[in-house]
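Open the model in your viewer and keep the sequence panel beside it. The stops below say what to select and what is there.

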Amino acid sequence: MIGLIGAMNVEVEALEARLENPVRETIGMDTFVRGTLFGQEAVLAVCGPGKINAALCAQSMILRYHPAWLLNLGVAGSMAADVRIGDMVIANAAVQHDYDTSPLDPPGLISKINLTTLPCDAGLRERLKKAAEAVGGFHVHVGLVATGDQFIHTDEARARIREMYHPLAVEMEGGAVAHACYMHGVPCGILRSISDNANTDSHMDYPSFTRLAAAHSQAVVERLLTEGA
Ligand code: ADE
């Protein structure tokens, strides 16, 4: 069994449409759909935006379905000049950019697990990269993703996160899914296609490009599973 989580319907609906023999189950306010996806047993969920929605959904999925690995897929804002709308970002790790208990601890250090940088599984990352390159039509970047409970749309917020973490992309769930995976020892992947530049144009770019970006991420998952990875 493998697990797939998107924040919004548009981020997983193309995959859900391909799920054979779907069975729906609800835990709390999360709905999980399991079935066969491109020949593999899979469970899908739409967690809703933000870190707590994502972590709760990931933890329920882990405890109920015991996935061999869990992938958070969807769209993100670009945080680097060479990462353009439509490009793919595969995380090697994630930070929670709004976690800050300084001056008690270094900014970003997550208490209890004592990590600032949440790891992504190296093997899954490599398979995602190969799958993304095989799909083609966009640039593929591997690096840090920054997660927080904010839609980034001002130059000030963008600059602050860039200065602290130098991420390739910013979004609202990846670092929370990675946090839940870390706490349960489940390999984690984060796959994000760029929908906007996390700046003052985001409110226009995001609605225009989210469907295209979400389609890119889902095409990569199809390729990954079809290749039997
Ligand atoms: N997801 C897509 N674009 C985003 C942005 N600008 N900020 C946070 N999450 C996003």
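## Stop one: a loop with a cis bond

Select P103, placed in the loop between β6 (88-96) and β7 (118-119). Helices and strands here are DSSP runs numbered from the N terminus, helices being H or I of at least four residues and strands E of at least two. The peptide bond from S102 to P103 is cis, with omega near 10 degrees. This is a predicted model, in which local features need pLDDT of at least 70 and side-chain atom pairs count only at pLDDT 80 or more, while totals for chains, interfaces and linings use all residues. Residues are numbered from 1 along each chain as its sequence is written, and side-chain values use heavy atoms, with hydrogens and water left out.

Stay in the loop between β6 and β7 and select N114. Its phi is near 55 degrees, a positive value in a residue other than glycine. Most residues other than glycine have a negative phi, and most peptide bonds are trans. Is N114 buried or exposed? N114 counts as exposed because its relative accessibility is 54%. The classes are buried for under 20% relative accessible area, exposed for over 50% and partly exposed in between, with a 1.4 Å probe and protein chains only.

## Stop two: the ligand

The shell holds 13 residues, and G77, F151, I152, E171 and D196 are the closest. A residue is near a molecule if one of its heavy atoms lies within 4 Å of it. By type, the shell residues divide into eight nonpolar, three polar and two charged.

For I152 it is a backbone N or O atom, at 2.8 Å from a ligand nitrogen. A polar contact is a pair of N or O atoms within 3.5 Å.

Taken alone, the ligand exposes 260 Å², and the protein buries 96% of that. These areas come from the Shrake-Rupley method with a 1.4 Å probe.

The ligand sits in the largest pocket. A pocket is an open set of points on a 1 Å grid over the protein atoms alone, with protein on both sides within 12 Å along at least five of seven lines. To sit in one, a molecule needs more than half of its atoms within 2 Å of the grid points.

Colour the elements that give two or more residues to the shell around the ligand: β5 (70-78), β9 (169-171) and β10 (188-196). The largest share, three residues, comes from β5.

## Stop three: past β10

Go to A198, in the loop between β10 and α6 (202-226). A198 has a positive phi of about 50 degrees although it is not a glycine. With a relative accessible area of 0%, A198 is buried.

Select V33 in strand β3 (residues 30-37). V33 is buried because its relative accessible area is 4%. Draw a distance to V43: the two C-alpha atoms, ten residues apart along the chain, are separated by 5.4 Å.

Next take A45 in strand β4 (residues 40-46), a buried residue with a relative accessible area of 3%. A45 and L70 are 25 residues apart in sequence and 11 Å apart in space, C-alpha to C-alpha.

G136 is in the loop between α3 (122-135) and β8 (140-147). At 26% relative accessible area, G136 is partly exposed.

Finish at R162 in helix α4 (residues 155-165), which is partly exposed at 35% relative accessible area. The C-alpha atoms of R162 and D121, 41 residues apart along the chain, are separated by 24 Å.

Methods
Polar contact = N/O pair within 3.5 Å; in protein donor to acceptor, adjacent residues only side chain to side chain. 1 Å grid on protein atoms, 1.4 Å probe; cavity = no way out; pocket = protein on both sides within 12 Å on 5 of 7 lines; lining within 4 Å. Nonpolar A, V, L, I, M, F, W, Y, C, P; charged D, E, K, R; others polar.
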